[in-house]
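Please report on the strands, the ligand shell and the domains of this model. Keep it brief.

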Amino acid sequence: MSAILERPAPAAPAEAGCDTRPVLRERGQREVFCGLTGIVWMHRKIQDAFFLVVGSRTCAHLLQSAAGVMIFAEPRFATAILDERDLAGLADAQEELDRNVTRLLERRPDIKLLFLVGSCPSEVIKLDLARAAQRLDRRFNGVRVLNYSGSGIETTFTQGEDACLAALVPELPQSEVAQLMVVGALADVVEDQFIRLFAAMGIERVAFLPARRAGGMPAVGPGTQFLLAQPFLAETGRLLEARGARHLAAPFPLGAEGTTLWLRAAARAFGVSEARFNEVTAAGEARARQALAGPRARLAGKSVFFFPDSQLEVPMARFLSRECGMEAIEIGTPYLHRQHLAEEMPLLPESALLSEGQDVEKQLDRCHAARPDLVVCGLGLANPLEAQGITTKWSIELVFTPVQGYDQAGDLAGLFARPFARRDVLKV
Ligand code: SF4
């Protein structure tokens with residue numbers, strides 16, 4: 001079975017914050033990048049971490065092409081390539097891994113946190129990276145060694161960040177202290193803007209996961225209330241709750257409206273008065289709305305179709321329809337985390353079809369029938385669609401670009417306006 005239309009029983013009462021719209025669920029062929037892609041932005045965020053993929057030449061090529069700029073710098077990721085002997089079970093892959101890690105850590109004393117990242121090949125040969133991480137962690141004093149999987153088997157590319165952060169959560173120290181935690185990798189400039197806004201509201205204890213350095217990872221416990229900065233952190237959120245932290249339900253900080261609602265969730269949880277909140281956020285929100293005016297002129301009235309890729313599709317569709325005047329036709333997302341998206345779903349336009357998972361041929365048929373003005377999709381689909389005259393936006397750009405917060409709202413809308421500008425230029 002490849003498509004299931006999930007429709008709640010009509011008699012079921014809608015719970016507060018729970019959206020009851022039908023969701024088209026598809027389980028067919030998918031066109032998405034794997035979780036290794038997350039290394040491209042995670043290695044920039046945690047500045048003394050190293051990501052060692054245990055995988056194949058394909059994995060190495062993916063990383064190198066996704067983060068090609070790194071060839072000019074001392075890289076903080078690499079691939080330990082499993083060759084035919086490893087795959088055939090003729091070599092002891094654990095021993096070889098130990099040798100590679102030893103060589104790496106002896107040569108690079110700047111590495112304080114090492115992630116062994118699993119891949120499809122390491123999963124297929126059932127290489128136990130958890131055991132390897134524990135063994136190497138004991139061996140190397142001063143370097144924390146952890147593992148997670150970035151395999152493309154049943155994962156999508158932003159789940160790499162979720163898996164990486166989830167590996168960190170059990171390592172965080174315990175603390176009862178009341179604090180706000182922002183969870184999800186944000187560009188440093190965005191983080192600094194949020195720190196200033198929270199401080200102006202009087203929320204002084206603000207922690208970020210991940211921290212910029214391995215030694216600065218925050219403590220967690222029952223005093224922690226956390227805001228998710230990204231909608232794809234299902235496992236990380238679950239593990240933080242298991243440590244006693246409380247999730248603050250909010251839309252995501254994309255666009256002027258999303259940023260205000262996200263900040264307000266923290267303000268309310270920490271007892272900030274509405275008057276003070278408005279005083280602190282008014283200027284930023286006004287700046288964001290002003291910055292949106294230019295791209296909005298190009299986007300308003302145009303239709304957009306999302307293929308499932310980044311898991312940012314729901315908040316992006318909300319932003320494009322409510323703040324840029326676009327019409328969302330289909331909002332496809334790889335996974336629909338109803339709890340984390342509970343504040344977003346009621347803000348989506350009624351008319352849009354919400355789909356979860358993918359059956360790519362059927363979705364392409366729906367897309368062709370709808371003839372949207374803009375398609376947001378992965379790289380693999382973008383070129384063929386462009387060749388058919390359909391304007392596209394690569395969804396991967398949304399995770400490589402700082403887009404959260406008031407001062408990035410204009411840039412975010414600009415990302416969607418740019419393909420139209422390019423088309424106009426090409427026509428000229
Ligand atoms: Fe390909 Fe799997 Fe390696 Fe990703 S982890 S590059 S999907 S082989």
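## Strands around E11

Strand E11 (residues 303-306) and strand E12 (residues 327-333) run parallel and are joined by four bridges. Strands pair here if DSSP finds at least two bridges between them. Strands (E, at least two residues) and helices (H or I, at least four) are DSSP runs, numbered from the N terminus. Val304 has Ala328 in E12 as its bridge partner.

In E14, Val375 stands opposite Phe305.

## Basis of the model

The model is predicted: local features need pLDDT of at least 70, side-chain atom pairs count only at pLDDT 80 or more, and totals for chains, interfaces and linings use all residues. Residue numbers start from 1 along each chain as its sequence is written.

## The four-stranded sheet

Four strands form an open sheet in the order E4-E3-E5-E6, with parallel pairing. Strand E4 (77-81) and strand E6 (144-149) are at the edges; each has a single partner strand, so one side of each lacks a neighbour in the sheet. On average, neighbouring strands of this sheet are turned by 25 degrees against each other, direction ignored. Axes are lines fitted to C-alpha atoms, for helices over the stretch in contact; angles run from 0 to 180 degrees between N-to-C directions.

Six bridges link strand E3 (residues 49-55) to strand E5 (residues 113-118) in the parallel sense. Val54 has Gly118 in E5 as its bridge partner. Helix H2 (residues 57-66) packs on the sheet and touches E3 and E4. Contact means C-beta atoms, placed from the backbone, within 7 Å. The direction of H2 makes about 165 degrees with that of E4.

## Ligand shell

Which residues are around the ligand? They are Cys34, Leu36, Gly55, Ser56, Thr58, Cys59, Leu62, Ser119, Cys120, Gly150, Ser151 and Gly152. The cut-off is a C-beta atom, placed from the backbone, within 6 Å of the molecule. H2 gives the most to this shell, with three residues.

The shell holds five nonpolar residues, seven polar and no charged. Gly counts as polar and Cys as nonpolar.

## Domains

The domain assignment gives domain 1 (35-155), domain 2 (172-278) and domain 3 (294-427). Such bounds come from an automatic or database assignment. The centres of domain 1 and domain 3, taken over C-alpha atoms, are separated by 33 Å.

Definitions and conventions: Contact = placed C-beta atoms within 7 Å.
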